[in-house]
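These are my notebook entries on one protein model. I set out what I looked up, entry by entry.

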Amino acid sequence: MAMIELGFGRQNFHPLKRKSSLLLKLIAVVFAVLLFCEFLIYYLAIFQCNWPEVKTTASDGEQTTREPVLKAMFLADTHLLGEFLGHWLDKLRREWQMERAFQTALWLLQPEVVFILGDIFDEGKWSTPEAWADDVERFQKMFRHPSHVQLKVVAGNHDIGFHYEMNTYKVERFEKVFSSERLFSWKGINFVMVNSVALNGDGCGICSETEAELIEVSHRLNCSREQARGSSRCGPGPLLPTSAPVLLQHYPLYRRSDANCSGEDAAPAEERDIPFKENYDVLSREASQKLLWWLQPRLVLSGHTHSACEVHHGGRVPELSVPSFSWRNRNNPSFIMGSITPTDYTLSKCYLPREDVVLIIYCGVVGFLVVLTLTHFGLLASPFLSGLNLLGKRKTR
């Protein structure tokens with residue numbers, strides 16, 4: 001009787017061992033693909049990005065000086081979902097992707113300053129105080145950064161509402177978290193950060209305050225240029241660097257459409273000829289001309305459209321629309337890397353992992369695991385053994 005029981009135990013031991021072996025294989029494959037698709041793939045993509053080279057010497061006709069280079073990252077339209085829109089799994093997935101991409105970029109590229117060009121949140125225009133506090137907490141976790149890296153943010157229409165939704169409470173709530181700073185200077189470079197939602201030109205209170213702030217910034221920039229030429233009309237006071245500013249805002253300056261935009265991250269071909277609405281898709285002609293006249297920028301960077309585009313205003317001022325940083329808006333998100341000096345700049349684009357590639361990898365692995373499981377239980381002939389048998393039959397002939 002004891003021998004019978006022992007034999008029965010041995011008979012059951014082999015199937016259990018086979019099942020354990022299969023389970024270990026499945027766990028190993030799942031762990032490996034998750035590690036690659038949710039962690040290592042960001043390093044693989046961003047490792048290929050490099051800071052563009054820029055000329056670092058400047059001459060005033062008498063002597064040549066070496067200028068400092070500022071390494072700046074520009075991204076836009078993160079659209080963190082709130083409590084109303086989007087599935088919780090969608091929110092979890094997109095925030096994980098952006099957090100991993102941003103943290104990997106910080107670690108590999110070591111930027112000195114990061115600018116986010118509006119629409120940080122998706123529901124800031126109508127979120128309750130409690131929901132706003134939760135959104136801000138999640139943003140600060142995702143986009144955490146070392147103390148030596150500066151993070152600057154401009155407001156977008158989803159943060160404070162379109163012009164007809166915007167009010168003092170929403171603007172002050174945003175600026176309490178992200179600062180009301182309009183002018184930022186570092187390493188001899190001036191950045192002007194504009195609340196472009198408030199440039200509707202209809203004389204509203206917030207609009208008038210915003211225009212007054214920009215006129216003051218224009219006055220300070222002009223004074224620095226004049227004083228550098230020997231003029232003393234501006235009187236005493238701290239001077240700004242004399243370099244022409246970089247203009248940062250959410251809405252693009254006026255353009256008729258994206259018809260002249262190209263590239264793999266431009267708007268889809270069927271959408272490029274759709275005319276833009278002033279003060280909705282882009283700034284109005286009047287507001288755009290005012291900004292160019294007041295600030296005389298050497299470069300404009302904007303967001304809002306979720307797609308890339310490069311245009312030149314007046315044939316001399318380049319504007320680059322920065323694509324969305326969120327996979328919810330694009331299959332191929334990216335961000336801009338800028339090497340900037342007081343007199344020159346060079347930009348390059350860093351592409352993040354494509355969503356369709358990640359999905360193809362996951363689908364391929366699921367198919368592999370199904371074949372592995374069926375083969376293990378004898379429900380499907382092993383492709384390797386089938387190939388050997390077929391080869392053996394051909395040789396015997």
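**Entry 1: confidence.** I noted that the model is predicted. I then looked up residues 1-8, where the pLDDT is below 50. Where pLDDT is low, predicted coordinates should not be read in detail.

**Entry 2: the sheet.** I recalled that strands of a sheet pair through backbone hydrogen bonds, either parallel or antiparallel. Here I traced an open sheet of six strands in the order β6-β7-β8-β9-β11-β10, and its pairing is mixed. Which strands form the edges? I found β6 (183-186) and β10 (309-313), each of which pairs on one side only. From one strand to the next, the twist averages 20°.

I next followed β10 to its partner, strand β11 (residues 317-321). The two pair in the antiparallel sense over five bridges. As one example, I recorded that V311 has E319 in β11 as its bridge partner.

**Entry 3: two helices.** I looked up helix α3 (residues 129-142) and helix α5 (residues 168-178), whose axes come within 12 Å and cross at roughly 30°. Angles under 35 degrees count as roughly parallel, and α3 and α5 are therefore roughly parallel to each other. Their crossing is right-handed.

Which residues meet at this contact? From α3 I listed P129, W132, V136, F139 and Q140, which meet Y169, R173, F174, V177 and F178 of α5. Sorted by class, the contact has eight nonpolar residues, one polar and one charged.

Notes
Residues are numbered from 1 along each chain as its sequence is written. This is a predicted model: local features need pLDDT of at least 70, side-chain atom pairs count only at pLDDT 80 or more; totals for chains, interfaces and linings use all residues. Side-chain values use heavy atoms; hydrogens and water are left out. pLDDT is the predictor's confidence in each residue, from 0 to 100. Contact means heavy atoms within 4.5 Å. Two strands pair if DSSP finds at least two bridges between them. Helices (H or I, at least four residues) and strands (E, at least two) are DSSP runs, numbered from the N terminus. Axes are lines fitted to C-alpha atoms, for helices over the stretch in contact, and angles run from 0 to 180 degrees between N-to-C directions. Angles under 35 degrees count as roughly parallel, over 145 as roughly antiparallel, 65 to 115 as roughly perpendicular and the rest as oblique. A crossing is left-handed if the near helix is turned anticlockwise from the far one by less than a right angle, and right-handed if clockwise. Ala, Val, Leu, Ile, Met, Phe, Trp, Tyr, Cys and Pro count as nonpolar, Asp, Glu, Lys and Arg as charged, and the others, Gly among them, as polar.
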